[in-house]
Amino acid sequence: MELERIALPPPELPLALLELGGSGRFELRVGAPPGGGGATLPWGVPPFVPPPREELERLLLGSPEWLPPHHHERAPRAWQRSPSPQRLFALDPTPVGGGLRAQRDPKTGQIWGFTEELLPAVGLSPQNSLSLRRPPAPPGLSLRGCGTAFPFCPEELEEPPPPQPHDPPGGEDDVDFDTDLLTTPPGMKCGVQFQPPARGGPVSLSTLIQTLDAFDLGGTPEIPPHIGGVPDAPPPAPGGGSAGAPPPASPPPSPSPVEPEKPQGTEGTPEGEGEPWAVVIDTATPVPDFETLVPDPAIKWPFRPDPFQQRAVLSLERGHSVLVAAHTSAGKTAVAEYGIALGRRHLTRTIYTSPIKALSNQKFREFRETFGDVGLVTGDVTLRPEAACLVMTTEILRSMLYNGSDVIRELEWVIFDEVHYINDEERGVVWEEALILLPPHVKLILLSATIPNALEFAQWVGRTKRRRIRVISTARRPVPLEHFLFLGGGAAAEDTPTGSEDTPTGPKDTPPGMFLLMDRRGTFHTQGYYAAVAAQKAQSSKQGLSCGARTHNPGGNIAQARSVCLSLLRVLRGRGLLPAVVFSFSRGGCTALAQGLRGPSLVTPDERRRIHGLLHRWLQRLRGGDRELPQVLWVSELLERGLGVHHGGLLPLLKEVVELLFSMGLIKVLFATETFAMGVNMPARTVVFESLRKHDGSGFRDLLPAEYIQMSGRAGRRGLDATGTVIVLSRGPLPELSDLHRVLMGRPAPLQSRFRVTYSMLLNLLRVTGTSPMSPTRLMRRSFAEEPARRDTEAQSRRAAELRVTLGTMGDPEEPGGAMADLPRYHRTVGTLRATRGQLHRRVAESPGGLRVLAPGRVVIVSTPRHRNAPGLIVQVNPGPPGPTFTVLVLSERRPAGGARDPPDVPDVPYPEDLLLTRLFLPEGPCGPALEQLQPEDFGGVTTRTLRVDPQALLQELRPPRGGAHRSPPPAPLVASVLQELQRLAGGGGAGGVALLPPPLRDPDSVTLAAAARDLEAALGAFECVRSPRFPQQYSQFARRQRLREELEQLEFRLSDQSLSLLPQYQQRMEVLRSLGLVSPQGSLSLGGRVAALLSPPEPLLAELLLQNALGPLRPEESAALLAATLGGPRGDPPPRLPRALLQAVSQLRAIAQRLGRLQEAAGLPEGPEELESQLGCGLVEAAYEWARGMPFSEVTRLTEVEEGTLVRCLQRLDERLRQLRGAARILGDPALAAKLETATAQTRRDVVVTASLYTQ
């Protein structure tokens, strides 16, 4: 406060300073004040009021809690504080690892002494422990976790206990308690002699209790492993052993008093007797006395559950994990609701995951109306994080698992809806990672459409989580479907058979122009297809048109499709088949078809007024200018007429408006892409396919059966429709009958593993250093891709142990000397020669010219454990996918009378003459035929001899007689003549052996193999060991030992990480991370790697942007524009009118992408520089730049050809990316960059980008 300057009088005069009111003004007076006082007011001077500036600064700037919740991004995030270097020297006290426990007399309570005990979970934290016993994270990080926290251990493995205070370094195992214990303490003369107690002495109470515990008193019967209190314990291994997994950490809550179910296949599974990880539950009949078995259900429905729902409820009440593979609209959500209700009853938490954000919002709305206590977690929205049930996408759950969210501690159930998304090429790996990373105490509810290999998938889940999975499926749809083919308006009523009875084209009430393809029982009607062909020909002849050849664009033009849709709309409206969903496989096609339907309104005046009111209320969420967007105007006009459009190009708010109006029955015809059927549960009366062909990014193809089933399943509303109607439009040449049959009747594709090694997985797992359960190779071994190899892991481990014992009992091999010195080298030469011949014969058999050589009638030399150099005749060639096999008649000993079995295999002791085929097999007694199925590798050689025989007649004679003879009958005449020729060939080989046919191949690899075989054959004569009389015995022993060693090495390889199919990909990506400096040569993360672990794909590209300070010279809006290019989208170059610094940053971004591509190409990965650069969406740079500068959304849409909905989703992803990089900048220690990105976030989060969802209100 500044005071006015006052002119002072001479100092000898009396002075008085008079305050004028309370304004802070003063007046100087000479002489004493009148009345002896200085106040000029009757009640004195009023109090002085200071200016409000200090108070406002203190309240609004010093206390952020006073700020309103809106526009809080622009509030200051940091306040100046006085430096205090002394605080750096303050350290938290080391936690005490142990304590003292008093020992008291149980009768008097007198203290006898103290014992030291270790305290559990001492020193554990989210940064150093995988255990659930570690302390929780701060409240702000309890939901999503922290990028620096360890995930929880996905297996039932406890961390090693801390060392005992007085344990010797060697541990207890090194102490011999019989001889190493001291009886005399150091420094004393005598001690205590420890002797075993006498037999007649007193018996202690503890000994008596232990003895009684050993008796089976018969009070509690043994509970089978598939029912009872601990249902998910791992099954016993063959031979009575344990499968190797400990029981759950805590028993499940007490279930309702239900009776044990009787599942199918409890005694075994297709994969083997010892691995019943999946149990198929019979759902053909309802559960008798279901209300008695579950007297107090966790949730009561207004309907009686179906049999599969009853079985699922019984399994959930017992604490079992379930896989429900049911048809579309069968009621799988009821199983999810029961799991949520059980979690609420047990005071635990449940997570519901969905594949797409739209389904998450819809389920949040449904569950909130049912339960109330439901939360929502998405990338940008978090509602009620403390709720008992959290709804999120699978990607959010995976992020929580990697970041060690404390919500995982309280989980009882995780519901994976639409789990068949594991088949998705790009996102299927997310489901596998989430299933693998879940801790063992979490139980699973897997909901899926019908899949052919549900049992196999459940086997993998059960083996991975060490708990049995109950597989529950449905046999048929609750609402059957009828499938029709519609030709359009050209097929008049007189062209279509009609009448009072059913016709080959369909039921008696089939409208004109529609032809039945498949009835409600699933029977395909070829008569309907041929009737449609005839009707189309008649239609073409009338109109003077021809049915041209099938083109790559089966849909024809939009005008023709519009005409067909108008005809179909009249039929549907007249037959009461509305509402209908018309699936079109392009966004432009949906929009054009909807806008082209100019006609009367499909809704009543009351419905129109209701639609108008709802639109007016819901669109108020948009800003005034955004409500005038062209997309908003024409969609609103369509909706008021009862028509709707649903595809990814719509604004998110408009998509929700369409979904809600359709669920209310106010939209009669909805034109949608296939994404509408992917999870959004909104059935209709009729489903229409605009075409059965789609463009998948590389070309046109027919729909897959699974795609057709998913979309056609939206037809038929349960409780409203007796049947659902599916119509296939044909506005051009009819599809082929075989194509229609394959699409309509084909089985959906089985679930396959899409697991792949990603940078995100590696960076997150490498954060957890020194913990083997979280190593990348361990995660890869537990993936669905490695399931075939894991099935036999236990048997292979037992076999490897047996081989080690056998080799140990054989002792160390003796070093051969003298004439046997070259025995090891001879054994290697024999093995190499046989392997080379096998490869050569395999190449001959798989070549076109080789099959002409290995034709029926060719004489070959067979070399197998049963037949040693035996002549044989090829009788039949059997082609197969792995390669051709051969049916060969082999010369052998005649089977003796009495039906005795074949003689045992003789030891394989090959001499050089055996390998050179100069000595062939000759039977010692009567010869007989042996019909064998052989591989090309079983041929020791192919001779030049051929025999002219009738293969079919020869096979007829070789067939065993009916009734099963007890002795070998004499050979038939044709067989006898063949055996005689083979015997003559074996006995007349001479010194040079039989004449062999050279390989009829001239390719370099085959020529090299043939030359190697000749060199090995020439080297056989130089070995001295074959001349020793001890050769047979020494060779047999050496060969047996080597065979066991090779088998052991092969088993060890299969059990090791080197056998993983994804190991090369893992090593390639690790090489790229090392080249970028994100991973050290020792395999630990560097600072850049820890920063990259906080980011979303492409992690290396974004990490390089930060480490090279590419964002440093840019302004906030320029930083946002540059990061928009990393989101993908339209390609192209940014316009030159953008700021120079931004253009230079875009060039730097492309250079980083090219460098990363070169590193990946050098490592062997398929993504090279061109691929990575093409993934950059530089076409969005200008739009993002102007949006961050404050340009209205209506003007931003004119800067790009991207549709409004796609642009909004890109801007929402940009907001998420800005938040990620802001956190990474803080980790790097760059507060200026973090502040810049925070400003960019504030400039981006506005208007249509942050419009709240209708489902969350």
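Trainee: Which residues in H31 meet H33?
Mentor: In this predicted model, Pro1100, Leu1101, Glu1104 and Leu1105 of H31 touch Leu1149, Ile1152, Ala1153, Arg1155 and Leu1156 of H33. By class, that contact has seven nonpolar, no polar and two charged residues.

Trainee: And at what angle do H31 and H33 pack?
Mentor: The angle is about 130°, and the axes are 10 Å apart. H31 covers residues 1099-1107 and H33 covers residues 1140-1163. H31 is therefore oblique to H33. The crossing is right-handed.

Trainee: What about H31 and H37, what are the angle and the axis distance there?
Mentor: H31 packs against H37 (residues 1204-1228) at about 50°, with the axes 11 Å apart. That angle makes H31 oblique to H37. The crossing of H31 and H37 is right-handed.

Trainee: Which residues of H31 meet H37?
Mentor: Leu1102, Leu1106 and Leu1107 from H31, against Arg1217, Leu1221, Ala1224 and Leu1228 from H37. The contact of H31 with H37 has six nonpolar, no polar and one charged residues.

Trainee: What is the peptide bond from Pro1097 to Pro1098, cis or trans?
Mentor: It is cis, with omega near 0°. Pro1098 sits in the loop between helix H30 (1087-1092) and H31.

Trainee: And the bond from Leu578 to Pro579, cis or trans?
Mentor: The bond from Leu578 to Pro579 is cis, with omega near 5°. Pro579 is in the loop between helix H11 (558-575) and strand E16 (580-583). Most peptide bonds are trans, and most residues other than glycine have a negative phi.

Trainee: On phi, is the value for Arg384 positive or negative?
Mentor: Positive, about 50°, although Arg384 is not a glycine. Arg384 lies in the loop between E9 and strand E10 (389-393).

Trainee: E9 is a strand of the open sheet, then. In what order do its nine strands come?
Mentor: The order is E5-E13-E6-E12-E11-E7-E10-E8-E9, and the pairing is mixed. The edge strands are E5 (278-280) and E9 (382-383), each pairing on one side only.

Trainee: How many bridges join E11 to E12, and do the two run parallel or antiparallel?
Mentor: Four bridges join E11 (residues 411-416) to E12 (residues 443-448), and the two strands run parallel.

Trainee: Which strands does H9 lie across?
Mentor: H9 (residues 454-465) lies across E5, E6 (321-325), E12 and E13 (469-473). The helix runs at about 160° to E13.

Trainee: Which residues make the contact?
Mentor: Glu1117, Glu1118, Ala1120, Ala1121 and Ala1124 from H32, with Val1181, Ala1184, Tyr1185 and Ala1188 from H35. The residues divide into seven nonpolar, no polar and two charged.

Trainee: What is the mean pLDDT of the chain?
Mentor: The mean is 80, and 79% of the residues reach 70 or more. Over residues 158-173 the pLDDT is below 50, and beyond near neighbours in sequence that stretch has 14 contacts in the model. Residues 545-556 also have pLDDT below 50, with 15 contacts beyond near neighbours in sequence.

Trainee: What should not be read in detail?
Mentor: The predicted coordinates where pLDDT is low.

Terms used
Residues numbered from 1 in each chain as written. Predicted model: local features only at pLDDT ≥ 70, side-chain atom pairs only at ≥ 80, totals over all residues. Heavy atoms only, no water. Axes fitted to C-alpha atoms, helices over the stretch in contact; angles between N-to-C directions. Parallel < 35°, antiparallel > 145°, perpendicular 65-115°, else oblique. Left-handed = near helix turned anticlockwise from the far one by under 90°. Contact = heavy atoms within 4.5 Å. Nonpolar A, V, L, I, M, F, W, Y, C, P; charged D, E, K, R; others polar. pLDDT = per-residue confidence, 0-100. Pairing = 2+ DSSP bridges.
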